[in-house]
Amino acid sequence: MWLGYKICLFWVSFVMGETIEEYFDFVLPLVKEAGKSLLTAADYEVETKQEIYDLVTVYDRKIEDVLIKNIKKKWPHHKFIGEEESEVNGISELTDTPTWIIDPIDGTANFVRNMKFSGVSVGLVINKVQMMGIVYNPFLEECFTAIKGKGAFLNGEEIKTNGQKDIQKSIFNYELSLARNPKYYELYMYRLKYLMKEILGIRSYGSSVMGLCYVANGRLDAYQCDGLYPWDAAAGVLIVREAGGYVCDSNGGEFHLMNPNFLATSTKELSDQFMAIERTADEERENASNKNIKFSP
Ligand SMILES: *[C@@H]1O[C@H](CO)[C@@H](O)[C@H](O)[C@H]1NC(C)=O
């Protein structure tokens, strides 16, 4: 019985292990090839989606189509959640079936302005667990990868977060474009009022997948972003965790891939410091809103 159980476990891990690596080996070259097509991109039109900062080009659609088509041909029963496809069909529910979650170009606004901070992101979720992530920035020739339980890598070299535990020494990437939205404006303004006195420096890079990877390899200490979609986090959150970093929901709770907002930090200790300060800021905002006081700097 025990032996049977062990053999069964071994078999499961063997088959799963083999399969994940097989998925990885098949998809990595596809992602790289798709990403490289951006290096020669020219004369494309830029459209604006629902939000004014949400842009799309023909390359977003092309890359997503190529990735989905090729993976589907190899594994016809797999499912897909792609940014551009979801724009048309809505985001499908996550099931236990292997599901590829694709952001063809994250940081499109950077891409169209020739700022080299954007990337192709592909995550694989099986049984609702994030199992694999690939984020490729063709402009800097940097490919971040992770397989669950096997560590995180940049161009094949293992990476770790920088282990920062002190908010006063931390460089914080805070995605602030959402502050345009009245729903978020006061939230951000109150939090910044408190955070700016504590942190060492602030950035707002405009690509969630790259922001996560920069925490993973220790360039950033912390990264926070709200109002996200699964494709913004499917690969990057796994990469941060496999690099030893900590990811929670932007409000301090558990991170949820299908309703993602996050704070990603080098360590849990750093996360706790950010969260304590943000709780105070949120409380002041709450108090002000109860008294109908608008934020004024
Ligand atoms: C919010 O209001 C409560 C009750 O008046 C007060 O105790 C608390 O200090 C306030 N919080 C902040 C951060 O201003």
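Select residues 2–158 as domain 1 and residues 167–290 as domain 2, bounds that come from an automatic or database domain assignment. The C-alpha centres of these two domains lie 23 Å apart. This is a predicted model, in which local features need pLDDT of at least 70 and side-chain atom pairs count only at pLDDT 80 or more, while totals for chains, interfaces and linings use all residues. Residues are numbered from 1 along each chain as its sequence is written, and side-chain values use heavy atoms, with hydrogens and water left out.

**The interface**

On the domain 1 side 42 residues take part, and on the domain 2 side 32. The domains bury about 2,700 Å² between them, 69% of it on carbon and sulfur atoms; this is the accessible area (1.4 Å probe) that two parts lose on being put together, summed over both.

Next, select Arg219 and Glu142. Their side chains meet in a salt bridge at 2.6 Å, N to O. The term covers a side-chain nitrogen of Lys or Arg within 4 Å of a carboxyl oxygen of Asp or Glu. Between domain 1 and domain 2 the count is 1 salt bridge.

Polar contacts across the interface number 10 residue pairs, both residues at pLDDT 80 or more. Such a contact is a pair of N or O atoms within 3.5 Å; within protein, one must be able to donate a hydrogen and the other to accept it, and residues adjacent in sequence count only if both atoms are side-chain atoms.

Now colour the elements of domain 1 that face domain 2. At least two residues each come from β3 (79–82), α3 (83–89), β4 (99–106), β5 (119–126), β6 (129–137), β7 (142–147) and β8 (152–154). Helices (H or I, at least four residues) and strands (E, at least two) are DSSP runs, numbered from the N terminus. Strand β6 gives the largest share of this side, 7 residues.

**A link to helix α1**

Go to Glu21 and Lys150. They form a salt bridge with the closest N and O atoms 3.1 Å apart. Glu21 lies in helix α1 (residues 2–36) and Lys150 in the loop between β7 and β8, so this pair ties together parts that are 129 residues apart in sequence. The whole structure holds 9 salt bridges.

**The ligand**

Finish at the ligand and select Thr280, Glu283, Glu284 and Asn287, the residues around it, each with a heavy atom within 4 Å. A side-chain N or O atom of Glu283 is 2.8 Å from a nitrogen atom of the ligand. For Asn287, the distance from a side-chain N or O atom to an oxygen atom of the ligand is 2.3 Å.

Technical notes. Contact means heavy atoms within 4.5 Å.
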